[in-house]
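Please look at the sequence and the structure first.

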Amino acid sequence: MKQQHYTGLTDAEVLESRQKYGSNVLSEPPRTPLWKRFLNKFTEPLIVILLVAGVLSIGISFYEYYGLHDSSTVFFEPVGIFIAILLATGMAFLFEVKADREFAILNQVNDEEPVIVIRQGQQRKVPKCDVVVGDIVLITLGDEIPADGLLLEAVSLNIDESSLTGEPICHKSISETEFDKEATFPTNHVLRGTKVMEGHGVFRVLAVGDATENGKVYEAVQIDDSVKTPLNEQLDRLGKLITQVSYGVAFLVVVGRVLMFFLHDDFEWISFISYLLQTIMIAVTLIVVAVPEGLPMAVTLSLAYSMRRMLKTNNLVRKMHACETMGAATVICTDKTGTLTQNQMHVSETYFNTTIPDYQHFVYQGMAVNTTASLQLDERGASSVLGNPTEGALLLWLHKQGIDYRQLKDEVSYEEELPFSTEYKMMAVVVKTSQGRFLYVKGAPEIVMSRCPSMSEDQQTAMNSRLLAYQEQAMRTLGFAYRELSETDVPIKDRRLVVDDLIFLGVVAISDPVRPEVPQAVCECMDAGIAVKIVTGDTPATAREIARQVGLWTDEDTDRQMITGPVFAALSDEELLERVMDLKVIARARPMDKKRLVEALQSLGQVVAVTGDGTNDAPALKAAHVGLSMGDGTSVAKEVSDITIIDNSFSSIGRAVMWGRSLYRNIQRFILFQMTVNVAACLIVLAGAFMGKETPLTVTQMLWVNLIMDTFAAMALASLPPSVSVMKEKPRCRRDFIINHKMVWQIVGVGVVFFFLLLGLLYYFENQGWTLYEQSLFFTIFVMLQFWNLFNARAFASGESALRVKGCRGFIFIVQLVFFGQIMIVTCGGEMFNVTPLCWSDWLKIIGATSMVLWVGEGWRWMKKHS
């Protein structure tokens, strides 16, 4: 089979095809209209009770206005209730829509994944969404098929069509003798969304976007937020507990206020019904304030902000729970190539057997024809690698020697190929040239040499010494061999190489320098109490040297900290559990070794994050608590992973840990703030119910407090940036309850102090005579106490001053909104909020007095920092 040379489409033909057949993007299914989603917010039981009570309250106001001839001011409070409900539900709805949009932006990234196509005779990378009908597309192991098409070439091609047909492995071919007449789809067709599990091929695009088979059954792929994480479960339990307590407090409020009515007034049906209705609304509003309906929104907003910002630091979060779990990681099992190293490979040294006649011809031809990589040349003549970086380094080396690898490929006819396998660690190709038939083999030097009996023992010993020297410099080595074949020789049978009498051509040493930022990132992870383990297919010497360069391997380490794949596989489960925490490097690892390592660590209670870029890494990625796929990894790896590291760098993994820990802390801050307000609000409203007829906080005032406490506080604390200081702490236990002892003391302590302060004020104002002025003072003091406490919540567990708000634009905006919102409500709210304007001297006294909450907190933090 002569190597085909494709021209592909021109730029003009690409535009014409896109206009005629459309883009390669799947249309989203119809969404629920925004107005329906908004109305759904009013179907929540507590809101419905408030609305019904509000309607009855308006009915009584009509009676008082028309029947008792009271002034129109009787309508102010019920109208204010509706405005407050509308404001609270409206703000929650807006932030929910904002969070949804954050996720929608993240979901669009999938359409930008690169695909290799041939256009105008050149191979080039284009985003998947830019593929058009008529394009020639190259596919190889691990790729996801970008569109439906007709195969032009297929080498040992097996595809996973389970996403469409349920068939995990479908053999694909262009040979009619191999066509499966009972297959769901033709054997020479490939389909969008399916994945290459073995081999490689070339196909012409027949359908894109909605016209593909995948498009016909498409359901929008969304970020997986269905997984109940330990944090979700903890918050659910916390919410139920608070709800039960708040129902009890609300019942006591009703009892207390009804008793006060009979003790202070003569019974009259209209006034009693009006008073009872107001009491019910107060009780229900207290439940609305106490029930942490803002918790789910705080978590969602924290996740949305974290996921969006993590994307900017090269972490594409694919599954929601990964944000939280990454913060609890105790072990990171990482690849070497591309993650710790730059993945910019080039041939550093070569050593060929010059005694072979015309050895250069066989070396050049072997490199050119036995490869799945290619070079992309730009207008300036600069070349970049498409495909496997290691194979690309060989083509770049040929290019530097002045050899055109494409010309060498065009001179041969391909008869059979044996794709690279991690099991056999080599690849082979049979070609026919004008000089005869030849077999070219490339792979791990020790594997290739084992099939070359012509090498003497001294030659093998010398070569092994040379290989060890290369590996101790952290170089990757490849061995080359060839054999001339007769017309009857069958070197490849059942996808295995069945010949052993090869002629060894030599080796090349390929260097891949460590990324400059990685040593510091590894050090940060270890300082954060996270164990780092390198799992690589490279030799022990290469792996050890890389571990030394990144700061993982020290002079104190011994052979106990390193193991090879075969030895690892031979360990019993008991032996592995006894040794696994000591291991730092696993060399010559096979795919299932990584999975077994993950499972062993998990059985010891470790929270494990694993990196992987190949299809063979999928089992380990799926087994890990957090699977981290690489940006240039296969679609199969990305599909099962939780986070995709776009730039492939280990430093991005460290940033993901920092984000995860900061996310957890921000949610703790929100709970701390909300629970403190809960304690103060519930106790003061309960005490007020037994002190007199007038409630210390009206329904509209409590709804404003609820807006501050739930929606605004969720926004302010969820949007706080990550803190580097979290990387100095040890990993938290995933089973620990989110409210720790320190938070309990602060919630109870501050909440009770607020209660007694407010109780004293309430007693004083009751004795002075409770008027709108006293109501306004009490309401404003209550809100300003929470206002300053929001700063203390922001500084919780940071060890920093609460006034250090650099980079906290969202927090600054929210506190300004609360402050000026309170001034506006007190100044303009009137009878709708049961307030009267305060003079500037009152405001200055209130701000000065309540700010002691912040200054006491600052003093406490200063003492702890310097103690």
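Q: Which residue with a positive phi follows helix 11?
A: Helices here are DSSP runs (H or I, at least four residues), and strands are runs of E of at least two, numbered from the N terminus. The model is predicted, so local features need pLDDT of at least 70 and side-chain atom pairs pLDDT 80 or more, while totals for chains, interfaces and linings use all residues. Residues are numbered from 1 along each chain as its sequence is written, and side-chain values use heavy atoms, without hydrogens and water. After helix 11 the phi is positive, near 80°, at G402.

Q: What span does helix 11 reach from its first C-alpha to its last?
A: The expected span of a helix is 1.5 Å times one less than its number of residues. Helix 11 covers residues 389-400, which is 12 residues, and its expected value is 16 Å. The model is close to this, at 16 Å.

Q: Which residues of helix 11 are buried?
A: Buried means under 20% relative accessible area, exposed over 50%, and partly exposed in between, with a 1.4 Å probe and protein chains only. By that cut-off the buried residues of helix 11 are T390, E391, G392, A393, L394, L395, W397 and L398.

Q: How far apart are the end C-alpha atoms of helix 24?
A: Helix 24 runs over residues 741-768, a total of 28 residues. At 1.5 Å a residue it should span 40 Å, and the model agrees, with its end C-alpha atoms apart by 40 Å.

Q: What covers the buried residues of helix 24?
A: The buried residues are M743, I747, G751, F754, F755, L758, L762 and F765. Just after the helix, G769 has a positive phi of about 110°. Contact means heavy atoms within 4.5 Å, and the cover includes helix 22 (650-689), helix 25 (772-794) and helix 28 (852-866).

Q: At what angle do helix 22 and helix 25 pack?
A: Axes are lines fitted to C-alpha atoms, for helices over the stretch in contact, and angles run from 0 to 180 degrees between N-to-C directions. The axes of helix 22 and helix 25 are 9 Å apart, and the packing angle is about 155°.

Q: Why do helix 25 and helix 26 count as roughly antiparallel?
A: Angles under 35 degrees count as roughly parallel, over 145 as roughly antiparallel, 65 to 115 as roughly perpendicular, and the rest as oblique. The axes of helix 25 and helix 26 (residues 809-828) come within 11 Å. Helix 25 and helix 26 are therefore roughly antiparallel, as they cross at roughly 175°.

Q: Is V208 buried or exposed?
A: V208 sits in the loop between strand 7 (195-207) and helix 5 (213-216). Apart from residues up to four places away in sequence, V208 touches Y21, G22, S23, N24, V131, V132, V133 and A147. Its relative accessible area is 4%, so V208 is buried.

Q: What is the relative accessible area of T334?
A: T334 belongs to strand 9 (residues 331-334). Beyond its neighbours within four places in sequence, T334 contacts T339, L340, V532, K533, I534, V535, T611 and F650. T334 is buried, and its relative accessible area is 0%.

Q: What percentage of the residues in the chain is buried?
A: The chain has 28 helices and 25 strands. Of its 867 residues, the buried ones make up 54%.
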